[in-house]
There are 2 protein chains.
Amino acid sequence: MNTNDSLLAALRQCLGDNGVVTDGDLAPHLIDWRKRHTGQALCLLLPRTTAQVAEVLRLCRAQGLRVFPQGGNTSVCGGSVPAETGRNVILSLARMNRIVEVNARNNSMTVEAGCVLADIHTAAAAVDRLFPLSLGAEGSCQIGGNIATNAGGTNVVRFGNTRDLILGLEVVMPDGRIWNGLRTLRKNNSGYDLKNLFIGSEGTLGVVTAATLKLFPAPRSVATALLAFDNVDAAVDEAIRLQQRFPGEVVGLELMSRSEFEISLRHGHNLRKPFAGATPAWMVLVELAAAQTDGLTEALSAALEAAYERGEMADVVIATSEQQRQDLWRIRHNVTEANTREGMGLTHDIAVPTYQVPDFLRRAGDALAARYPDATPVVVGHLGDGNMHYIAMFSHAFWAAVQDKVGFQRELSHVLYDIAAALDGTFSAEHGIGSLHVDEMRIYKDPVEIALMQQIKALFDPDGMMNPGRVLPGTGTTAADGHATH
Amino acid sequence: MNTNDSLLAALRQCLGDNGVVTDGDLAPHLIDWRKRHTGQALCLLLPRTTAQVAEVLRLCRAQGLRVFPQGGNTSVCGGSVPAETGRNVILSLARMNRIVEVNARNNSMTVEAGCVLADIHTAAAAVDRLFPLSLGAEGSCQIGGNIATNAGGTNVVRFGNTRDLILGLEVVMPDGRIWNGLRTLRKNNSGYDLKNLFIGSEGTLGVVTAATLKLFPAPRSVATALLAFDNVDAAVDEAIRLQQRFPGEVVGLELMSRSEFEISLRHGHNLRKPFAGATPAWMVLVELAAAQTDGLTEALSAALEAAYERGEMADVVIATSEQQRQDLWRIRHNVTEANTREGMGLTHDIAVPTYQVPDFLRRAGDALAARYPDATPVVVGHLGDGNMHYIAMFSHAFWAAVQDKVGFQRELSHVLYDIAAALDGTFSAEHGIGSLHVDEMRIYKDPVEIALMQQIKALFDPDGMMNPGRVLPGTGTTAADGHATH
């Protein structure tokens, strides 16, 4: 046997024959769903138990392998595919997908890391509870990946990020030690908070194998409206007022620019424009949810009609049926696919404090107009969190003619990131760093903060075996990976 | 000059003459408010700026001094007074008490660490906002201490612990590096979460000098009721039902045993028993808060009257005026002082998952009855979080006759901690570890978890200069401090 054969034999000894994949089934795990990042690996590992994860990590460490954990492979930052070079293995949690316990009285659920988010929703709904994390990839993303990236989504305005929804974790350290922190306690002030260190660390410090999640009462009623504004200042003002008026009940506050709205309608199936006349400059899709069974739509209607009478908005459409509600949300949910059809969109995941959103949009619009006259600004975002997916949209023809696509994108992105940074914002609000934004970490983060992170990385993973080249500068083949975007 | 004189001169060079206290004004900082923990120190340091904190930490490090940060000195675990031996200095944040910025539109406030919690409440109320952290010591505790201990209190059931209320921190590391993490962003997925590592680390990893806090809309209405139950199972069931019925609106759920209720009434000024007839076995004080201006008390009354009709509770008193509401809360707020008058109460800060509360109380009651027949179980706690301040109450006469008071208390406490641990609970829910519970960390925590914490401590504070002997076993004069309780 050559070296690789003996290595694979040892891995099969750990995981069984069907726990080590080297054939054609490996290919889909080497490329992301948007086909922008590719990597290579000796094999895909499919453990069934936490003990197997520990054993396989010890083996990988002894053999000097580089380990790339993978959940549903839905990262948009190159965070879920291995590096292009090196002795890499992919550690998939897909077979660890048991829902271990659902405890409705305790509003908690314990799951293995490979559970698909939608299956967790279903298990919660079966006991009349809500697990509020909600995002586009929920049909295929896995909770372990959500935890690793501290995923956001459309419900953050009410329920927080993934971080806020986790009661406890089980983590396997790079040296094979298992930390069992699967607690359902609401209060436990006994030492340092390790849980939050692993949440959002993108698999660079250890492997999350299980988690205990917070559940919430399932809402009894929902009210939805689409608001239209002639300028974004008015949209932000109204969002702030609605959160004051309905605290704890605003569960969605999605912003769309006219450009985004029109793109979604143009490329959608059976999507109808909900307004008569010309489309106003900005739209906000607002959704409330509440425990009481009735009166919510009436309360929202009364508040919005009064606001309309006071001239606070240009138009308002209130959903009076579930069908109308779904029609409004379909416009929002269609944007990713519609944008792909429209042209080449250079997308960003920026956040600023919500009250700074108008200033950001003005400065960003001015900068694009001055430096990139061929770009159309397209905005879709989570207004309650100040999180904007700001897109510079180019025609396919324009983009085809760009010579240095990587350099072009980088320069444009940094114009926007500079503006966000000047407004106390961030270049990565909810998607994380992956391999894509390692350079930005070096440029935009406080040097003390980066140094502390690098110290923690060196402490927990002294061999640099876990997800090298991801998240932090100087931890792997950054240069090779960072430019793999195309 | 002798060594201490030159050292004090160097510290005065940093902080000015009135920034270094060695005279009689030092004494109150060497003992806790319950007079159970004492320590000694060369001096009290009173920096005015973050730069001064950094400079003084560098100086202390170079001189081999041990630094004990202190806020309002309201710890109940010996966490806020220095050790009994060693070359100690106390670092007080009391002069860093500026409210730096209040931003109502952003629902955020930036404050220095020495701000008294009640002053933060006032500043929030001035712009019609709520900072929900609420606890007995709020008139004197400082936000830096609240952050260091991840303080809990009566509003956790709705708004979470201190951890959940912090958007950003500024921290000075033991080597004098300043991490400026004062962010107001709701989303920022760019690297490891350092913030939560410092929150709850009790000053052992660095000094929190400022924080950005989350604000919430000030509630427009409040509804309060006292519920009485013949058994604790019924009390827990009702608490769970109320949280289902009024999600996001239950802001208080305080449990009291009949023994605690009667002690509070017996030793209170002008406290009246709100029930006719015999006092039932368990009381729950429930409070709702909401954005709407009316209908809340009516909704709570309707829910409780229906529950009473169904036989779910033994009695119910609904506050129909602000005066009645305050009368009910005064029974709850009087317990600490009343318990002191009643006898010698050995108090614990236990949490179990809420649904396990009845099982814990039964097992704890049985164990006390069997092993400590002179003890009366007295219970007051935050039922929504499963957090019980479980008190074994002895007569002053009994306690005076106990020879080895430290050993007696330790043995009794461990009987209760064993029961909590068997029910997935904790020996320290909201008060933290301080010097008092270092032994319990060794006994009750997962060895992997302790090892990871010790690695982090050694990484951030390699000289062990920050709060030695606190939180973690093996980091200072643990043995000497751990038994300083009397």
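A polar contact is a pair of N or O atoms within 3.5 Å; within protein, one atom must be able to donate a hydrogen and the other to accept it. The legends below describe a predicted model.

**View 1. Polar contacts and salt bridges between chain A and chain B.** Between chain A and chain B, 40 residue pairs are in polar contact, both residues being at pLDDT 80 or more. Salt bridges between the two chains number 8. One of them joins B:Arg105 to A:Asp237, with the closest N and O atoms 2.9 Å apart.

**View 2. Elements of chain A on the side that touches chain B.** Two or more residues of this side come from each of helix H5 (156-159), strand E9 (178-181), helix H6 (195-198), helix H7 (232-245) and helix H16 (447-460) of chain A. With 10 residues, H16(A) gives the most to the side of chain A that touches chain B. By residue type, this side of chain A divides into 32 nonpolar, 30 polar and 19 charged residues.

View 3. The size of an interface is often given as the accessible area lost when the parts come together. Chain A and chain B bury about 6,700 Å² between them, and 53% of this lies on carbon and sulfur atoms. Within chain A, the residues that lose the most area to chain B are A:Lys187, A:Asn189 and A:Tyr192, which together account for 16% of what that side buries. The contact draws 81 residues from chain A and 81 residues from chain B.

**View 4. Helix H12 of chain B.** Helix H12 of chain B comprises 15 residues, 357-371. From its first C-alpha to its last, H12(B) reaches 21 Å, close to the 21 Å expected at 1.5 Å a residue. The buried residues in this helix are B:Val357, B:Pro358, B:Phe360, B:Leu361, B:Ala364, B:Ala367 and B:Leu368. An α-helix has 3.6 residues a turn, so residues three or four places apart point the same way.

**View 5. Surroundings of B:His348.** B:His348 is found in the loop between strand E16 (344-347) and strand E17 (350-351) of chain B. With a relative accessible area of 1%, B:His348 is classed as buried because this value is under 20%. Its side chain makes a polar contact of 2.8 Å with the side chain of B:Ser413. A polar atom of the B:His348 side chain also lies 3.3 Å from the backbone oxygen of B:Leu346. Leaving aside residues up to four places away in sequence, B:His348 touches B:Met388, B:His389, B:Tyr390, B:Leu412, B:Ser413, B:Leu416 and B:Tyr417.

Notes:
Residues are numbered from 1 along each chain as its sequence is written. Chains are lettered from A and ligands numbered from 1 in the order in which they are written. This is a predicted model: local features need pLDDT of at least 70, side-chain atom pairs count only at pLDDT 80 or more; totals for chains, interfaces and linings use all residues. Side-chain values use heavy atoms; hydrogens and water are left out. Contact means heavy atoms within 4.5 Å. Buried area is the accessible area (1.4 Å probe) that two parts lose on being put together, summed over both. A salt bridge is a side-chain nitrogen of Lys or Arg within 4 Å of a carboxyl oxygen of Asp or Glu. Helices (H or I, at least four residues) and strands (E, at least two) are DSSP runs, numbered from the N terminus. Ala, Val, Leu, Ile, Met, Phe, Trp, Tyr, Cys and Pro count as nonpolar, Asp, Glu, Lys and Arg as charged, and the others, Gly among them, as polar. The expected span of a helix is 1.5 Å times one less than its number of residues. Buried means under 20% relative accessible area, exposed over 50%, partly exposed in between (1.4 Å probe, protein chains only).
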